[in-house]
Amino acid sequence: MWQVVGHKWAVDLLRRALAGERVAHAYLLTGPPQIGKRSLALNFAQALNCLDEEKPCGQCLACSKIAHGSHPDVQVIEGEGGTLKIDQMRTLRREAALSPLEGRWKVYIIRQMEQATAEAANCLLKTLEEPPPHVILMLTASEAEALLPTIVSRCQVLNLRPLTTETVQRALQERWGVDVERTRLLACLSGGRLGWAIAASQNNVVLPQREKHLDEMLELMGQGRIERLEYAQQLSRNPEAAPELLHLWLSWWRDLLLAASGSTVGIVNIDREDTLRAQAQRYSLGQVRDFVEALRAAAWRLEHNANTRLTLEVLMLSLPAR
Ligand SMILES: [Zn+2]
């Protein structure tokens, strides 16, 4: 049984490919972080190498080895210090040429392909151009546009979309045993990213940190230029945390957009509805929309390696005043 939550169309597509022996040599799974790309890739690796009739069974030796990261023919390759290096791709190329040791297929799951250096990407391209018959490459990335077109064109692209709040909520309750009161807030906050919701449910830092970050933003709205620039500077010392913070701010300002247009159905920050309603009275729809755009633009720039401090400074100065 496929263990993937949601993404039914993608599971169906892979299942049909497997049943019809029409498996592609390379897939590219795209979508926001923690949406389930790696889980789907691992589940597919299980389906490919499962020893049971009903693939993937999740129980056989192959399935459980893959789940525990100990199957010799299934490898997950990740960047080191935020970079996928050419040495990693050279090793892959060399090992991929050898026959599988235990399974039917050798599966290489390459995470966050956008982190590959130009040399690494070109090295992988060689493997993609002439894949050994027993090799399947599963690339993941936030978006296809971040990769070389020559790489994308050699992959079957599956763009995974956020799950519905209900799907995330049900999965948290039924599969991960999270208590009902927390599931709704976590599901709303996750933005359809089940991986985020699971991690947040198991980590006592995530929710208090969100509270802190929201409070800081509300406070900053009442502050002037100097405090705002200081805040930007402080954030830019920890550039890995910036995208998640912008994601949180974006959720808030999207909620305000909903509240300003007179509806709180579908808001994410359900525990702060009163503050949202009060703020919605204070700003024009145009102001809110402009800041949502500014947040999107800043997130895009950070993803495309713009100067973190400068990007955050510009953003902080455009945060509407209280
Ligand atoms: Zn199995």
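1. G79 counts as partly exposed, because 18 C-beta neighbours lie inside 10 Å of it; on this scale a residue is buried if 20 or more other C-beta atoms lie within 10 Å of its own, exposed if 12 or fewer, and partly exposed in between, with C-beta atoms placed from the backbone. This is a predicted model, in which local features need pLDDT of at least 70 and side-chain atom pairs count only at pLDDT 80 or more, whereas totals for chains, interfaces and linings use all residues. Residues are numbered from 1 along each chain as its sequence is written.

2. G79 sits in the loop between β2 (74–77) and α4, where helices (H or I, at least four residues) and strands (E, at least two) are DSSP runs numbered from the N terminus. Its C-alpha atom is separated by 7.5 Å from that of R111, although the two residues are 32 apart along the chain. Leaving aside residues up to four places away in sequence, G79 touches L84, Q112 and Q115, a contact being a pair of C-beta atoms, placed from the backbone, within 7 Å.

3. The largest nonpolar core has 43 residues, and those with the most contacts inside it are A45, M138 and L139; such a core is a set of buried Ala, Val, Leu, Ile, Met, Phe, Trp, Tyr and Cys residues joined through C-beta atoms within 7 Å. Among the elements that each supply at least two residues of this core are α1 (8–19), β1 (26–30), α4 (86–96) and β4 (135–141), while α2 gives the most, with 7 residues.

4. L139 touches A26, Y27, L28, I110, M113 and C155, not counting residues up to four places away in sequence. A second, separate core of 34 residues includes L163, V168, C188 and A260.

5. Helix α8 (residues 180–190) packs with helix α9 (residues 194–201) at an angle of about 135 degrees, their axes being 9 Å apart; axes are lines fitted to C-alpha atoms, for helices over the stretch in contact, and angles run from 0 to 180 degrees between N-to-C directions. That angle makes α8 oblique to α9, since angles under 35 degrees count as roughly parallel, over 145 as roughly antiparallel, 65 to 115 as roughly perpendicular and the rest as oblique. On the α8 side the contact is made by R182, L186, A187 and S190, and on the α9 side by L194, W196, A197, A200 and S201.

6. The buried residues of α8 are T183, L186, A187, C188, L189 and S190, and these pack against α7 (165–174) and α9. After α8 comes G191, whose phi is positive, near 60 degrees.

Notes
Contact = placed C-beta atoms within 7 Å.
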